Amino acid sequence: MDVPPDEPMPRLVRPLPFVDEHTILVAADAEDVWWALAETLDWAFSRPSAVRCAKLVGCADHTAAGPRPPVEGATTFPGFRTATAIPPRELTLLGRHRFSSYTLTFRLDEAEPGGVRLRAETRATFPGPAGGLYRLLVLGTGTHARLTRRLLTTVRLRAERPWRPSPA
């Protein structure tokens, strides 16, 4: 059974169980990393395969909507809605479907001068036998870790690319 998309997701009273955290250093300022993160999330989560996956597992949110860059409580991506947006420091995405409830929090910390440490922390719960099987498929195979590292690498590449004005 799908989770109704119009049913509001309650704010978390307590954090979900920790799953993992991935970190990457980005040679760009926090504003550039924030914009690169927003662009990358739009690109990654709005692809047809992401939309199909979100619908398949019954995500509460399976369309991209709302303002960009993400605004707290107003922006959705397939599989996620924005729970917290503190530009350019923290973005928390919240989601749920038949097999899991989860958060994905991106934190931007100052690193060396001119650099940012971008962290992606995942927290989730996987209720029941179906949730346990889903956890095994997503986490046990390393798929979640690979996709999260790829997402962070894409953000780094976008943030570090030289800016070029449009031809006049």
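1. Two strands count as paired if DSSP finds at least two bridges between them. Strands (E, at least two residues) and helices (H or I, at least four) are DSSP runs, numbered from the N terminus. With that in hand, β4 and β5 make a hairpin with two residues between them.

2. A quick word on what you're looking at. This is a predicted model, where local features need pLDDT of at least 70, side-chain atom pairs count only at pLDDT 80 or more, and totals for chains, interfaces and linings use all residues. Residues are numbered from 1 along each chain as its sequence is written, and side-chain values use heavy atoms, leaving out hydrogens and water.

3. Now the overall layout. The protein has four helices and six strands, and along the sequence they run β-α-α-β-β-β-β-β-α-α.

4. Have a look at β4 (residues 90-97). For the protein, 42% of the 168 residues count as buried.

5. So what pairs with β4? On one hand there's β3 (residues 80-86), antiparallel over five bridges, with Thr 82 opposite Leu 93 in β4. β3 and β4 form a hairpin too, with three residues between them.

6. Then there's β5 (residues 100-110), which pairs with β4 in the antiparallel sense over eight bridges. Here Arg 96 stands opposite Ser 101 in β5.

7. Last, contacts (heavy atoms within 4.5 Å). Of those with a separation of 6 or more, 59% link residues 24 or more positions apart.

Key
Buried < 20%, exposed > 50% of the residue type's maximum accessible area, 1.4 Å probe, protein only.
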